[in-house]
Amino acid sequence: MADLSFQRWPFFEAKHRTFAGELNRWAEAVVPGLIDHHDVDGSCRKLVATLGKAGWLRAVVPANYGGLYDGFDVRTLCLARETLAYWSGLADFSFAMQGLGAGPITIAGTDELKARYLPRVAKGEAIAGFALSEQDAGSDAAAMSTTATPDGADYVRINGAKTWISNGGIADHYVVFVRTGEAPGARGISAFVVDADTPGLKIAERIEVVAPHPLATLKFEDCRVPLANRVGGAGEGFKVAMATLDVFRSTVAAAALGLARRALDEALERATSRQMFGATLGDLQLTQAALADMATDIDAAALLVYRAAWTKDQGAPRVTREAAMAKMFATEAAQTVIDKAVQIFGGMGVRKGVKVEELYREIRALRIYEGATEVQKIVIARELMKGAHASVAGRAAE
Ligand code: COS
């Protein structure tokens, strides 16, 4: 990464700068050799194993289970995703999904579940998945219809389907959110860890997308899962999902930032080397205007990302508003930055194999997954109105 000056911002401690610097050097040297665009599953398996062996996945689990810190250090997670995304969207994906798949277990799992699943995730020996979305329940996650019904005292049976599941087809286990019916809507959902080889769990369909990564629809047919695999209390699954997203939404924003930084570096290189009208492209003021807008968008996004991460790391129980703002702004800004980079590259910008063309495909899904921009707007507005209610109630009580 060319410009590391943001790491001197007051959000960071020495440990963050060391982590980011070492990961950047490692990723530059190692990651490109692990990627084969014709074998995405194989690349992801290699990436998880190599990230694990090198110790980087320790950032996604707590210290007691082989991790780096007591809980999540969100700044470390964000720096990791930003740095990996700069070098490769797939490397970022592999890191992030280990985190998202392990997150609910870290947040709400029993000690027994933590001990069984987290150390292997941290070592890159097991691949994790997070199964929330359904065909008719994406943004409206609480509308899910996959069910878990009791089967004797110690088991449940899961029936239904989950779709758009990252690592679907290569994961060793999934945290699956299902309707258990304690109450209607969000209060009647529970989470279970389901091993990928559990009878009754099938990969119904692999899904191909513009920036390929392992993605599938999972089908559950009388899939028998021990009650002991429940993550959090009965009916608390939705809160577990939302609390996990509170942590990981800032990291999606960080990944967008990494992709945008790469686009700016590519554009700078192009602008200063491409000859046009007897000068370089960068001598043209319209190019300069684009570069200035790109850099300003990147800094604004970075400030929101690291504000959210720092706030969570200071012990805030929820950073719903901060994380939603960071995710919304950073992913939208990155799309604009990358589009400008493509424009600076001209025809080469849409040519297969050119980095900015890859970035252009990589960024699009980030504005949709883990809560589309429109969902983030709902979340931010709700938080604002909650604050307004509280202050009106406070004034009335005075
Ligand atoms: N942390 C902890 N608990 C949370 C929470 C958070 N960040 N956000 C909500 N909750 C709790 C609420 O407090 C509420 O609990 P109570 O009923 O006890 O008060 C419960 O969860 C339900 O919350 P809410 O009423 O806000 O649920 P909604 O169904 O209205 O949620 C949104 C609406 C849009 C916010 C939610 O569905 C959402 O985030 N959707 C996007 C999901 C998503 O990201 N999908 C893509 C997944 S890809 S990995």
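A polar contact is a pair of N or O atoms within 3.5 Å. I apply that cut-off in the first entry below, and I note at the outset that the model is predicted.

**Entry 1: the ligand**

In the side chain of D246, an N or O atom is 3.2 Å from a nitrogen atom of the ligand. For R187, I found a polar side-chain atom 2.7 Å from an oxygen atom of the ligand. G371 takes part through its backbone, where a polar atom is 3.0 Å from an oxygen atom of the ligand.

Which elements give two or more residues to the shell around the ligand? They are α6, residues 237–273, and α10, residues 373–397. I noted that α6 gives the most, with seven residues.

I next listed the residues around the ligand, of which there are 23. Those that come nearest are S139, R187, K239, G371 and R382.

**Entry 2: helix α9 and its cover**

I turned to helix α9, which spans residues 355–364. Is this helix mostly covered or mostly uncovered? It is mostly covered, since seven of its ten residues count as buried, that is, under 20% relative accessible area. I wrote down the buried positions as K355, V356, E357, E358, L359, E362 and I363. The cover over them includes α3 (74–87), α4 (89–108), α6 and α8 (320–345). I remark that α6, listed here as part of that cover, is also the element that gives the most to the ligand shell.

I examined K355 of this helix separately. Why does K355 count as buried? Its relative accessibility is 15%, and the limit for a buried residue is under 20%, so K355 falls within that class. Leaving aside residues up to four places away in sequence, I found K355 touching Y86, W87, S88, R262 and E266.

**Entry 3: helix α3**

I checked α3, one of the elements covering α9. It has 14 residues, and 14 of the 14 are buried. From its first C-alpha to its last, α3 reaches 20 Å, close to the 20 Å expected at 1.5 Å a residue.

I located G67 in the loop between α2 (40–53) and α3. G67 has a relative accessible area of 3% and is therefore buried. Not counting residues up to four places away in sequence, G67 touches R58, V61 and P62. I also looked up its separation from K123, which is 56 residues apart from G67 along the chain. The C-alpha atoms of the two residues are separated by 9.3 Å.

**Entry 4: backbone angles at W164 and N167**

I looked for residues other than glycine with a positive phi and recorded two cases. W164 has a phi of about 60°, and this residue is found in strand β3, residues 155–166. N167 has a phi of about 70° and lies in the loop between β3 and β4 (173–179). Is N167 buried or exposed? N167 counts as buried because its relative accessibility is 2%.

Methods: Residues are numbered from 1 along each chain as its sequence is written. This is a predicted model: local features need pLDDT of at least 70, side-chain atom pairs count only at pLDDT 80 or more; totals for chains, interfaces and linings use all residues. Side-chain values use heavy atoms; hydrogens and water are left out. A residue is near a molecule or strand if one of its heavy atoms lies within 4 Å of it. A polar contact is a pair of N or O atoms within 3.5 Å; within protein, one must be able to donate a hydrogen and the other to accept it, and residues adjacent in sequence count only if both atoms are side-chain atoms. Helices (H or I, at least four residues) and strands (E, at least two) are DSSP runs, numbered from the N terminus. Buried means under 20% relative accessible area, exposed over 50%, partly exposed in between (1.4 Å probe, protein chains only). Contact means heavy atoms within 4.5 Å. The expected span of a helix is 1.5 Å times one less than its number of residues.
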